[in-house]
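Thanks, everyone; let me put the model on the screen, and then I will walk through it piece by piece.

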Amino acid sequence: MEVARHWRETPERYRMEAGKCSKCGKIAFPGRMICPECGSTEFTKHTLSGKGKIVTYTIIRTAPDGFEDLVPYAVGIIELDDGIKILAQITDCNPEELKTGDRVVAKFRRINEDGKTGMIYYAYKFVPDVGI
Amino acid sequence: MVGIVGYGTQIPRYRIKIEEIAKVWGADAASFKRGLNLNEKSVPCPDEDCATLAVNAARNAMSRAGINPQEIGALYVGSESHPYAVKPTGATVSEALGACPYVHTADFEFACKAGTEAMFVALNLVKSGAVKYAVGIGSDTSQGSPGDALEYSASAGAAAYVMGAENLVAELIDTHCFMTDTPDFWRREHANYPEHGGRFTGEPSYMKHVTGAVNAILEKTKMKPEDFDYMIFHQPNGKFPVQMALKLGFKEPQFRYGLLTPTLGNTYSGSSPLGLAATLDEAKPNQLILLVSYGSGAGSDAFIFKTTERLLKVRDMAPRVRKQLDEHKMYLEYGQYAKFRHKIVKPE
Amino acid sequence: MRDIAIIGIGMIKFGELWEKSLRDIAVEAALNCMKDAGTDRIDSITIGCMSGGLFNGQEHLTSLLPDYLGRHTTPAVRVESACASGGMAVRSAFMEVASGMSDYVLALGVEKMTDVSENIETYTLATTADGDYEAFHGINLPGLYALMAKAHMEKYGTTRNQLAEVAVKNHRNGALNPHSQFPMEITVDTVLRSALVADPLRLFDCSPITDGAAAVLITTVEEAKKIGKQPLVIISGIGVASDTIALCQRKDILKFEAVELAGQRALKMAGKTINDINFAEVHDSYTIAEIMVIEALGIVKEGQGGVATANGITSLNGKFPINPSGGLKSKGHPIGATGVAQICEAVLQLRGQAGKRQIKNAKTALTQNMGGSGGSCVIHILEAK
């Protein structure tokens, strides 16, 4: 059972809260204590836009535990309008029809669960930005 | 004055056609389509559940409300498919919206009227002055037993309402409840699928309670069916609400926007709240809307809303119901649907 | 710092070694190494193993392995850097001898992967990615390399066939290696007809699940000369570098910065340039990895790894042979053993003992071993003196 490990990521996973370096403006997601750009330790909270475009993606055919029922599913690197890249699943699509550069938007989805009786893990996934 | 400050919905992208289900069970699709006015229904993706639909609907409601989530004082989620038997969906939704920690929350369950229960409590908490804003959500990924009549209608969707006392898109005129202990439909603890009383779900259940609530609120407000621009009844199928409306003296134009079941199915707790949202998507300012839910067990909540000028300003700040319902649909075959809905049993 | 030589190498045949345990294969490799060295003097042991815990339910290899090597009081330290654990263990051994702390150090790499189900194997490999922000989202190691492959194809025009050529070439070499797990030749078609794992990567783009161990015995050049080893193989340069654990956080996901920097550091230490290197053993855990590694090392120009491979530049008889051993793809990839096994191959080649896959006049070699999706890298430069 892994409870605290997932619970402590709630701000990042539920609300896409990132850290913005007070000195150089670099956005770090997930948040960090030391800025990888300038070494500063001062950050302010920055909520990511949740909108962006696909930089690259793959379609997973052999899934890790807990993801088998989603196969085939897409995972991509998304460049957000905030200027940073994050990795997430791209759901609500036919993965075969995705293209690099496609606009996507974040939604709140179920990621995995600790078996049928354990904790359910929620976080962001992206969907094609078709306005629904 | 209290009412709706923002509303938002989420309908899954997947659909299954009635024919596809009927084919598997050797049933006559035409009779379902004709008799129950059902053509297809929404199906949640395996990564969607009551909580995710509620969050995504609530985010749309927040876009239209334009309020600070920290000002939400209460949040209630009504559903018969809460992901946990014990652990509040409302806590997940509050956390995702950024409303924690000064927020009161509870999960409601009252079959298909849990959503309007949440709305009812939210509205009255704001009215009492206890909180500035309260959110009421109806969200479900409802289950129909394989081959049962319910399998043709049980679908998924959510509607969320931010209630407040200013900047309203629709003012609450009045509410009324009608409730008795009527065993027309239930799901016991640990059971995967609900059971129902067949035709008993009609006259002594749906008909009686909807009629009771409508008559009570009309009497209380001294209003008549023709006073309303629009009306929405709970819609377990496409037949009951239409029959009921006509019988009570309402006419087709009044439910033209609110009747979604023929292509959405029965979203249970989301059903009449989604119908209200679809109506708000189209209504003009200063129009009167009657909303009457129904939940097995059994009861109905009736609400009268009057739209405001602000409705037009916020309408396009989130997707409209018809767009979510009619566009970008992805159809499933029964096998995929069975997998999506965990109807295929795999070894642990 | 003292000059360092490798006086013994020990390999075992890689594969699905059902009848052998973690301790069995580690001891077997160590025995082979001592035999090759002609001495059983071991002052200290550095162990490269990624995850005895998850693969075998066995941590504390620093007690288990000295114990079963019949020298339970010998000092031992375990080094973990995901798939680069083996290379890092050799570096630790190097430092221990170079510093003067010990004179004979055994670097022992081992991974026994087949004791768990495929799900646990995959899960364990995915722990080399960012657990909370990559693996959590349902991506595995082939998935991460597939993201790079897709981007490489779109940016540089690398083709599906060029990716396959990496596997074809490595299997051709591996077929000549008696220690290889899959010593059979394949064609581009074999790769293209294999099952999709994570588009565009297929099963034959991926290195296999392997049980294996490898060892090298390290001492000073002075000691090696006393023993009279000919030719003398020295480690003249080592470079290590790290990169972000999460692939998406790299400035350019098509650039293995850790490989580039580790390469520069190792070459600088050895006083060489990449043009002085005769051949390399590189970390071809996935076909795209080899392509990007040879670009990062400056063996080919940026974006040209696929074309160069298809043109035969990296073949055994090409201008710059890559993975004469068969690489991870054909020889197998027992995680913690891989980096050590690469060095064993380099030593064999430099001694002129590589049999049918011997590269002519091999005097200077480079071995490149990396972890996860490229988050850590260790590079060694070896020379025959």
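I start where chain A meets chain C: the contact takes 23 residues from chain A and 27 residues from chain C, two residues being in contact if their C-beta atoms, placed from the backbone, lie within 7 Å. Before going on, please keep in mind that this is a predicted model, in which local features need pLDDT of at least 70 and side-chain atom pairs count only at pLDDT 80 or more, while totals for chains, interfaces and linings use all residues. Residues are numbered from 1 along each chain as its sequence is written, with chains lettered from A and ligands numbered from 1 in the order in which they are written.

Turning to chain C, we find domain 1 (4-117 + 210-227) and domain 2 (140-205 + 233-384), with bounds from an automatic or database domain assignment. Their centres, taken over C-alpha atoms, are 23 Å apart, and 36 residues of domain 1 of chain C are in contact with 35 residues of domain 2 of chain C.

As for the sheet, 9 strands of chain C form an open, mixed arrangement in the order β3-β2-β4-β7-β1-β8-β11-β10-β9, where strands are DSSP runs of E, at least two residues long, numbered from the N terminus, and two of them pair if DSSP finds at least two bridges between them. β3 (76-79) and β9 (279-281) of chain C each have a single partner strand, so one side of each is left without a neighbour in the sheet. Within it, β4(C) and β7(C) pair in the antiparallel sense over 8 bridges, and C:Gly109 stands opposite C:Ala214 in β7(C).

Note on methods:
Helices (H or I, at least four residues) and strands (E, at least two) are DSSP runs, numbered from the N terminus.
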